[in-house]
Amino acid sequence: MFDRRTVGVLILAAGKGTRMKSNLPKVLQPVLEEPLLFYPLQAALAAGLENRAVVIGHGGDAVQTYISAMSPEVRVIWQHDQLGTGHAVQISKEWWNSFSDILVIPGDAPLLKSEILIDLVKAHIDSPASCTFASFITETPAGYGRVVRDSNALSIVEEKDASEEQKKIREVNSGIYIFRTPDLLSNIDSLANDNVQGEYYLPDVVGLMYEQGKSVEALCFDNGTDFQGVNSPLQLAEATSILKQRILNHWMSQGVKCADPSSVFIGPRVRLEGDIWLDPFVQLYGNTEIGDGTHIGSHSLVRNTVIGKSVDIINFVSIIASEIEDHATIGPFSFIRDNAHIGEGAFVGKFVEIKKSSIGSGSKVPHLSYIGDATIGNHVNIGAGTITCNYDGVAKNPTHIGDRCFVGSDTMLVAPVSLGDDSFTAAGSVITDDVPEGALAIARARQKNIEGWVLRRKGSNQEGGKE
Ligand code: UD1
Ligand code: CA
């Protein structure tokens, strides 16, 4: 893609993130339910840069667990003592010295777009520069390193080390750089930490290279939004709101409709087909996919779920890690979770929880039921109040219900238990034994009517006293 030069991407994510005031490492703080670190990893990949490594340290075990689960091909490098961004690059040179160029990006800049990385890498590869870095102009430069340019100098000065004059500079360092490997290698061990924070600053490499007469380029962008770092809870919320709007704009341009985009949240891994309607206060997260013609009603949450075409999610529905087939109807007030599978045209209704169960096509669980660890066949009717008693206090047990069964209202299915095809249970039954195909099971006390009982009781009360 980029000439014949190979580019490695090093993401710096070892810092403590003190300003977050949280036990969760900063790069795992969520934006639309994905950790901050997801975004630079994804931006690099979308730019065609597959050789990626992440420097981890603070809270590193959790960060490593995330990387192994989500992107096992990404190299993890430990920085046990976080002595600065320059130190982070120093200790990872064994990894990057095999590439012709090395792109360094911060782990806490979730708004970074792949287009910017492509522009930066291209500008660098097409020039003789030893280093090309991205800077931007901002009216609020506080917290960023300032780009100091004069006739015979180019360097980056950190806010804490800057003079009052330098603090007024509005061109700041984005923290994104690409270096020619041999030039970085010959400078990375020369960094000093004689600054206010006592850290080894990566941006100091820029000044060192410039002093050696090497070519250093700053690619200056007008709009700083894409580079915005996240250091505090306020910045986390700001990044979330910008990303959320970007993602919504994208999906609306593809045909998705929402009456109130400001209250709809869609995560970056969600995939939507064109003609989908999202009501106010809908949240779609994780690895979720939704088909054409589907409607998601207000106050519904869908996470890591595949929903087919023309599905109607009425409202107040939560669906987690499950699959809903075409033309199904769900809600209002349903909770579907843990690998539940709702078949084509099936109906799950009011105050129903479905856990780790499959509901066959055309089957109905309309009201007030708990269905757990069950397989339910096609065209089954589950009466109101039916419950699978799947847990005996020790283990979870399965329930099997065949095709075309009619389960009467308020049936307790004490698992493990199995209902054959076309069987029927009487309302209020407690089913503890398997029901054969085509049979009716009645498991309840027979009703007894005691004639005249009420009148007799009234009579005896009157005899007993006047109060
Ligand atoms: C850094 C730059 C600053 C720039 C800004 C852009 C330095 C010294 N300053 O400041 O010029 O304007 O980014 O956002 O680089 N990290 C490590 N190991 C460490 C220290 C930090 O991996 O020892 C990681 C952090 O986890 C973070 C990134 O490096 O993801 C940047 O560190 P941070 O402390 O946020 O630097 P800034 O103060 O934002
Ligand atoms: Ca930062």
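Predicted model: local features only at pLDDT ≥ 70, side-chain atom pairs only at ≥ 80, totals over all residues.
Local features need pLDDT of at least 70 and side-chain atom pairs count only at pLDDT 80 or more, while totals for chains, interfaces and linings use all residues. Residues are numbered from 1 along each chain as its sequence is written, and side-chain values use heavy atoms, without hydrogens and water.

The protein chain is split into domain 1 (4-227) and domain 2 (254-441), with bounds from an automatic or database domain assignment. Six residues of domain 1 and eight residues of domain 2 make the contact (heavy atoms within 4.5 Å). Between the two domains about 600 Å² is buried, 61% of it from carbon and sulfur atoms; this is the accessible area (1.4 Å probe) lost on putting the two parts together, summed over both. L32, E33 and E34 supply 76% of the area that domain 1 buries against domain 2. E33 also forms a salt bridge with R303, with the closest N and O atoms 2.7 Å apart (a side-chain nitrogen of Lys or Arg within 4 Å of a carboxyl oxygen of Asp or Glu).

Nine strands form an open, parallel sheet in the order β14-β17-β20-β23-β26-β28-β30-β33-β36. Strands are DSSP runs (E, at least two residues), as are helices (H or I, at least four), and two strands pair if DSSP finds at least two bridges between them. Because β14 (271-272) and β36 (417-419) each have a single partner strand, one side of each is left without a neighbour in the sheet.

Note on methods: Chains lettered and ligands numbered in written order.
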